[in-house]
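Visitor: I would like a close look at one part of this model, followed by its wider surroundings. Please take me through it step by step.

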Amino acid sequence: MIYVLIAVIVIAMILIIANIRIVSQSDAYVIERLGGYHTTWNVGLHVKLPLLDRIAKKVSLKEKVFDFPPQPVITKDNVTMMIDTVVYFQITDPKLYTYGVEKPINALENLSATTLRNIIGELELDESLTSRDVINTKMRSILDEATDPWGIKVNRVEVKNIEPPQAIREAMEKQMKAERERREQILIAEGHKQSAILEAEGQKQAMILAAEAEKEAAVQKAMGEAQAILEVQKATADGLKMLKEVEMDEAVLKFRSLETMEKAANGQATKIIVPADFQNLAGVVSALSEIAKK
């Protein structure tokens, strides 16, 4: 009897230990009792009843990232292209995630594909290529609302890649090449324009400097001539002053005038010199006599 009791105690302890669970911070356990939902275990130590309770699903509460394969979509202007998306979501209600929908990830993938087709179908090709933020925002809003009954919260949706048809890509590359060539020609023309402007400015400055130099040279020349005239006048004034100081009289001055006329008459040609003061010729002769007497 004692052995039976010990065996029962050991079996009970084994069953209790086997049914003890420690739930981590990032997990949640959905517990069923007799086939129906009973409770959800969160972080901590939990014990389930043997043979009555079972763990229906272990759910991770971490944010998940799913990269769905490319989906064929048709734009408003009937261009077919491939778009793949990345969805970031998190399970907020383990019970709804367990019982809300069969295969939630597949359901989310299909919902993402249909939503993407609906959004792209309202946009033209150019809008689809340049409106990624609009597409991401619309998809996140629609998916988040649609997945609430499944216990899923969609945090973010990103359009990963957009692949237009080969003919469209070639046309876009040609257009981009033409645009680059146009910008290159504009830059070259702007360079030539700036070069011509700088060259004209340089010639203008050179002409201005040359004119300034000529002006300065003319001013210096005029100042030199004026200075020379002043020096001659000064020399003449000094000469007259010296003559006055030696008390040279009128007779001597007239004699000097005759000497000057004598030198002018020494030339080869025949010359007739009539003094401006012809009436005073006798006076000059008389002055010469007086000088000779002295």
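In which strand is the place of Gln71?

Guide: In this predicted model, Gln71 has its place in strand 7, which covers residues 71-74. With a relative accessible area of 15%, Gln71 falls under the 20% cut-off and therefore counts as buried. If its neighbours within four places in sequence are left aside, the residues in contact with Gln71 are Met81, Met82, Ile83, Glu109, Ala113 and Arg117. Helix 3 runs over residues 104-120, and its 17 residues should span 24 Å at 1.5 Å a residue, which agrees with the 24 Å between its end C-alpha atoms.

Leu45 is one of the residues of a nonpolar patch on the surface, together with Leu5, Ile9, Met13, Ile16, Ile17, Ile20, Ile22 and Val47, and the accessible area of the patch comes to about 910 Å². Helix 1 (2-18), strand 1 (20-23) and strand 4 (44-47) each supply at least two residues of this patch, and the largest share, five residues, comes from helix 1.

Methods: Residues numbered from 1 in each chain as written. Predicted model: local features only at pLDDT ≥ 70, side-chain atom pairs only at ≥ 80, totals over all residues. Heavy atoms only, no water. Patch = residues over 30% accessible without salt bridge, like charges linked within 9 Å, V, L, I, M, F, W, Y side chains within 5 Å. Areas by Shrake-Rupley, 256 points an atom, 1.4 Å probe, with all protein chains shown as cover. Salt bridge = Lys/Arg side-chain N within 4 Å of Asp/Glu carboxyl O. Helix = DSSP H or I, 4+ residues; strand = E, 2+ residues; numbered from the N terminus. Expected span 1.5 Å × (residues − 1). Buried < 20%, exposed > 50% of the residue type's maximum accessible area, 1.4 Å probe, protein only. Contact = heavy atoms within 4.5 Å.
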